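Here is a chain to walk through together, one question at a time. Keep the sequence and the fold in view as you read.

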Amino acid sequence: MLDAKLVRGSTEEIAEKLLVKQYKLDVSRIQALEGRRKEIQIKTQQLQNERKVGSKKFGQLKASGGDIAPLKAEMDRIGEELKVSEELLGQIQHELNDILMNVPNVPHESVPAGETEDDNIEVRRWGTPKAFDFDPQDHVALGEANGELDFETAAKLSGARFAVMKGKIARLHRAITQFMINTHLEEHGYEEIYVPYMVNADSLRGTGQLPKFEKDLFKIEREDQSDLYLIPTAEVPVTNVVRDRIVDDSDMPLSYVCHSPCFRSEAGSYGRDVRGMIRQHQFDKVEMVHVVRAEDSWDMLETLTGHAEAILQKLNLPYRVVTLCGGDLGFSAAKTYDIEVWLPGQQKYREISSCSNMSDFQARRMMARWRNPETGKPELVHTLNGSGLAVGRTMVAIIENYQDENGHIEIPEVLLPYMGGVTKI
């Protein structure tokens, strides 16, 4: 959530910056509401002052034995007017807050202009796509050929956009997860955290999924209890660990790594990536979350991205890093790097990680702060998150990049300790 005072005081400037995200701020509505808010606030303060002065006179008059009836009637009138004025002020403030809850974060000045993913800017590449002396197959053909990647059974169990994994493929999926977690713990200094897979609406509001993106969520309605939602990413529960908290300076920065399933309805994505494991309703992800001081957040974005890249480098999977343009940038993000891995079966780079700096946008919604020891006052933290990595897509990349002409899949060297002697699928 943007700073309400900043938006009220610099509405047109904020609106211009948001145009980079292809978002048009309703300036006239905000300015009209702000004008009305100021008018009612002045009247409210005047009535409060009149009530204060009248109360003092009332006490003096009563003590002197004078006639208090006229003053009491006047005080009752002021009280009624004040009640109406305060209620109206609250309604206007509530309307302004509702507007702000649906306004995206302001993009960082380094975010390039653009409307779609085609306008994203490539930052760097690592590795060279393998030149096969045969036509490489995609992961669906390879996985179904050995019977260990089963989309037909998954459809029978749950419908489209699910997968059943068996045997060595299932073990490979688990091995990838363990390898990622251990790398982030042992080499990158994260603290492992385990969180619920269902969260309340406050948690989703805190990280920005609600109210704007409710259609993308799986909702669990409960009688006589508040509704719960299946998490779309571990970012939601992990970041909300600091909701309504003031973190001690000695505990900063916080760096968490979390493995979880993720659940997404994929609303609006019909017809996209219906084949295979690229876009599913349920998938696993290893998530990295940082809670830092404001002055450290931009350096941390580079570090976070590097941690995700390190996983791909260890797996020897070619990739590229792109800076998302404004039109492709997420609701809560001030800046995002996407990491795209090379998939021979598609002959293109596909997203495998997004690493984002949310600045203080989520922190303001969550009231997540740290105490500055120099001033003794609480300040908003900055939050960052990134996939380290999406497990299913990593497995897809391994299957397609490590295939041979017989349809066998070689296990990457760094995963061998997790495979129980299996070297090839």
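**Starting from one threonine**

T11 is buried, with a relative accessible area of 5%; buried means under 20% relative accessible area, exposed over 50%, and partly exposed in between (1.4 Å probe, protein chains only). Bear in mind that this is a predicted model, where local features need pLDDT of at least 70, side-chain atom pairs count only at pLDDT 80 or more, and totals for chains, interfaces and linings use all residues. Residues are numbered from 1 along each chain as its sequence is written, and side-chain values use heavy atoms, with hydrogens and water left out.

Reader: Which residues is T11 in contact with, leaving aside its neighbours within four places in sequence?
Author: T11 itself is found in helix α2. Helices (H or I, at least four residues) and strands (E, at least two) are DSSP runs, numbered from the N terminus. Contact means heavy atoms within 4.5 Å. With those sequence neighbours set aside, the contacts of T11 are L6, L25, V27, I30 and Q31.

Reader: How many Å does helix α3 reach from its first C-alpha to its last?
Author: Helix α3 covers residues 27–64, which is 38 residues.

Reader: What covers the buried residues of α3?
Author: The buried residues of α3 include V27, I30, L33 and R37. An α-helix has 3.6 residues a turn, so residues three or four places apart point the same way. The cover over the buried residues of α3 includes α1 (4–9), α2 (11–18) and α4 (69–101).

Reader: Is strand β9 largely enclosed or open, and how many of its 10 residues are buried?
Author: Strand β9 spans residues 254–263. It is largely enclosed by the rest of the structure, because the buried count among its 10 residues is nine.

Reader: Which strand pairs with β9 in the antiparallel sense?
Author: Two strands pair if DSSP finds at least two bridges between them. Strand β4 (residues 191–192) pairs with β9 in the parallel sense, over two bridges. The antiparallel pairing of β9 runs over 10 bridges, and the partner is β10 (residues 282–292).

Reader: Which are the edge strands of the open sheet?
Author: Three strands make up that sheet, in the order β8-β14-β15, with mixed pairing. An edge strand here pairs on one side only, and that picks out β8 (246–247) and β15 (378–380).

Methods
The expected span of a helix is 1.5 Å times one less than its number of residues.
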